Amino acid sequence: MLPTPHVRCDYDKVYEPSEDTFLMLDALEKDQEFLRRFLGDKMNLVSEIGCGSGMVTTFMMHNRIPNKNAIYLPTDINPWAMESMVDTASLNKCDQNVLSPIRMNMAKSLRSGQIDLLVFNPPYVPAESVPTIPTEELSVTGEGKEDAAWLDLALLGGDDGMVVTWKLLHSLDEFLAPNGIAYVLFCARNKPQEVVKAMQLQNWSCELVEYRKAGWEVLSIYKFHR
Amino acid sequence: MKFLTSNFLKCSVQACDRSNDNFPLKFNGEKCQLEQDESLEFNPEFLLRVIDRVDWAAVLSVAADLGNTGLPAGKPEFSNEELSEEDKVILADLHTLLIQTNIVEGEMSCKNCGHVYYIKNSIPNLLLPPHLA
């Protein structure tokens, strides 16, 4: 079993690594050899959308997933996540990896068709709506409300908890390189089997990688590629 | 952000996707503060793959923005066999530029819509204000 990275960050502002995070690590570890073969020896662009604390990207860098020629461009909308990503990478001695975190919405500011390996642990909790991004104003006058707002953004996924995930899945063709692959986490309330059916109708190859009951949640990770 | 990162960043404004000017972003050389991270070791095998992958016109454009006009007009090509000493020098220079060069503070803008994005503490912010998002 590959070691779990150490994390240093402020959990009032950034999502704390939890069962879902660990399941993603397990899925990537399980698929290590598959990814090496699937993505080959070329330079691979790896982008974790919503990198949060930076644990998953650090895990990939540390264990050379998918290969030793990867560059890592993790994204998040939360500025504190950017800070944690850098701190977590350095705490785990990943200083020889090419890491360049970018603050953006999903992968919308990356040139299209470039991501070889996309990893997404979305805000998957069903909620009335997806929260809006905290404004600069709130950060000055909000008296701590801003911190909670960043955490809500990492958790709440609107209808069925799928609003953000669907945005990503609908943009997969634009985000992924022609031979790219995406690993996406779901909870049971996201109705992943229905999602998979809909994606298959659009000719995506979908496969369950990991599955786990975590307390009252049932989590699963699927991989999608053309 | 690394110099190499600029090879993958486009303007976030969706309407700019229809133009050919949303990539690469234009760096404001006067406002950009650069740093070399010399601790990153030179790995020729890795560099060859990076060069294979990059959009060379975009490398030239960003390098010129930042005051470096000494790059060859065409993407350097290397033989698949043993690298010559000359090849290694070219690769080492590109390692310095693409991998070791960090843009720590600065500004970049879209050549189509003119929107300015800021880089602070090595992190570029490509988020749009609510009225543009």
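How many bridges join strand S1 of chain B to strand S3 of chain B? Two do, and the strands, residues 26-27 and 101-109, run antiparallel. Keep in mind that this is a predicted model.

**Strands around S3(B)**
- Over in S3(B), Asn102(B) is what Glu35(B) stands opposite.
- S3(B) is joined to strand S4 of chain B (residues 116-120) by four bridges, again running antiparallel.
- Glu107(B) finds its bridge partner in S4(B), namely Tyr118(B).
- Six residues sit between S3(B) and S4(B) in their hairpin, and Gly114(B) in the turn has a positive phi of about 85 degrees.

**Helix pair in chain A**
- Helices H1 (residues 19-30) and H3 (residues 55-62) of chain A pack at about 25 degrees, with their axes 10 Å apart.
- That angle makes H1(A) roughly parallel to H3(A), and their crossing is right-handed.
- From H1(A), Thr21(A), Met24(A), Leu25(A) and Leu28(A) meet Met55(A), Val56(A), Phe59(A) and Met60(A) of H3(A).
- By class, this contact has seven nonpolar residues, one polar and no charged.

**Where the chains touch**
- Chain B puts 23 residues into the contact and chain A puts in 22.
- On the chain B side, helix H1 (44-53) and strand S5 (123-125) each supply at least two residues.
- H1(B) gives the most to that side, with five residues.
- The chain B side comes out as 13 nonpolar, four polar and six charged residues.

Key
Residues numbered from 1 in each chain as written. Chains lettered and ligands numbered in written order. Predicted model: local features only at pLDDT ≥ 70, side-chain atom pairs only at ≥ 80, totals over all residues. Contact = placed C-beta atoms within 7 Å. Nonpolar A, V, L, I, M, F, W, Y, C, P; charged D, E, K, R; others polar. Axes fitted to C-alpha atoms, helices over the stretch in contact; angles between N-to-C directions. Parallel < 35°, antiparallel > 145°, perpendicular 65-115°, else oblique. Left-handed = near helix turned anticlockwise from the far one by under 90°. Pairing = 2+ DSSP bridges.
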